[in-house]
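Please keep the view at hand while reading.

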There are 2 protein chains.
Amino acid sequence: MPQLPAFDVMTATCPSRTSLARIANKWTAMVVIALSADRMRFRDLRTTVDGISAKVLTETLRDLERDGIVIRHVYAEIPPRVEYELTALGRTLHAPLQALGLWAEEHFADVLAARESYDARQ
Amino acid sequence: MPQLPAFDVMTATCPSRTSLARIANKWTAMVVIALSADRMRFRDLRTTVDGISAKVLTETLRDLERDGIVIRHVYAEIPPRVEYELTALGRTLHAPLQALGLWAEEHFADVLAARESYDARQ
DNA sequence: GATGGCTTGTTACCGATGGTAAGTGTAAGG
DNA sequence: CCTTACACTTACCATCGGTAACAAGCCATC
């Protein structure tokens, strides 16, 4: 009953690969994880996604908006207020990206140990 | 009973973020997905992960080896034979990355529609 | 009325990364 | 002795990620 995937990311010319390239990205992952809790304004995203620059956050959000993963709510106020929210499509992305983030947190000790061992061998 | 994560990828200085940066990458995702089926030699990986260059594949595999996700088996033969295999740690990465690939394949039609709608608005 | 602050960006710039194309080394086969 | 096979290297260029400074518009303060 689940439709078979009509696309194959392993094929270079398959358009689904452009989609994979966008979501397989650390900034995308962190922004989507942050927004899955609640809609947020630009400034709050900058503090939640620690270390992201205004430029990169703007670009990431524009790309996610273009791909239908995020909606942008602009309020005509002074100072300006812009809120970002996951779409229904964006919410389907939460579980996979959250899993990636959790993997990084849970397995980093192993990764670190492997790195030290590797570097010692070289 | 599950240990609480001692690391937080949302913190810029947290070392787990370097780990997230590595796995949240399209080439990493495709190589791990390819290797999850079976161990493979370099040349077969190049054809399975369609479109990857020798240089990028070499770098990706070196990084994955350093992080303990892949093991490299070198056979002293002519012409050379090198096989790559997921470690136990690498196999724990399969499910999250496979989920990402499936998302890209299953939702690309939505992404494409959103893109066309966005571009028409601008 | 000039100054500075608030917020959401934009611009200029530069170093790092991703990507292509060609070359390297070794030994068997013709 | 020239080609082929394989797993890389190297040189080189384009694109991306990242920093720092500035723009716009109104308010409050000095």
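The text below takes up the symmetry, then the protein interface, then each DNA strand.

The model is a predicted one. Two copies of a chain are related by a rotation about an axis and a shift along it.

The contact between the chains draws on 55 residues from chain B and 55 residues from chain A. Since 100% of the interface residues of chain B are also interface residues in chain A, the copies meet through the same surface. Between chain B and chain A an area of about 5,000 Å² is buried, and carbon and sulfur atoms give 69% of it. On the chain B side, the residues that lose the most area to chain A are B:Met10, B:Arg66 and B:Trp103, which together make up 15% of what that side buries.

B:Arg66 also takes part in a salt bridge, with A:Asp119 as its partner and 2.5 Å between the closest N and O atoms. Four salt bridges are found across the interface of chain B and chain A. On the side of chain B that touches chain A, at least two residues come from each of α1 (16-23), α2 (26-37), α4 (54-66), α5 (88-92) and α6 (94-121) of chain B. The largest share of that side, 18 residues, is supplied by α6(B). Sorted by class, the side of chain B that touches chain A holds 29 nonpolar, 12 polar and 14 charged residues.

Next comes DNA strand D. It has 19 residues around it, of which A:Trp27, A:Lys55, B:Arg72, B:Pro80 and B:Tyr84 come nearest. The elements that each supply at least two residues of the surface near DNA strand D are α2 (26-37) of chain A and α3 (42-48), α4 and β3 (81-86) of chain B. With four residues, α4(B) gives the largest share of this surface. The residues near DNA strand D comprise eight nonpolar, three polar and eight charged. Of the atoms of DNA strand D within 4 Å of the protein, 64% are sugar or phosphate and the rest belong to bases.

Phosphate oxygens of DNA strand D are approached by both backbone and side-chain atoms. A backbone N or O atom of B:Arg43 lies 3.0 Å from one, and a backbone N or O atom of B:Val82 lies 3.4 Å from a phosphate oxygen. For B:Arg62, a polar side-chain atom is 3.5 Å from a phosphate oxygen of DNA strand D.

DNA strand C is surrounded by 18 residues, the closest being A:Arg72, A:Pro80, A:Tyr84, B:Trp27 and B:Lys55. Sugar and phosphate make up 70% of the atoms of DNA strand C that come within 4 Å of the protein. The surface near DNA strand C takes at least two residues from each of α3 (42-48), α4 (54-66) and β3 (81-86) of chain A and α2 of chain B. Its largest share, four residues, comes from α4(A). A polar side-chain atom of A:Arg62 is 3.4 Å from a phosphate oxygen of DNA strand C. From the other chain, a side-chain N or O atom of B:Lys26 lies 3.3 Å from a phosphate oxygen of DNA strand C.

Definitions and conventions
Residues numbered from 1 in each chain as written. Chains lettered and ligands numbered in written order. Predicted model: local features only at pLDDT ≥ 70, side-chain atom pairs only at ≥ 80, totals over all residues. Heavy atoms only, no water. Contact = heavy atoms within 4.5 Å. Buried area = accessible area lost by both parts, 1.4 Å probe. Salt bridge = Lys/Arg side-chain N within 4 Å of Asp/Glu carboxyl O. Nonpolar A, V, L, I, M, F, W, Y, C, P; charged D, E, K, R; others polar. Near = heavy atom within 4 Å. Polar contact = N/O pair within 3.5 Å; in protein donor to acceptor, adjacent residues only side chain to side chain.
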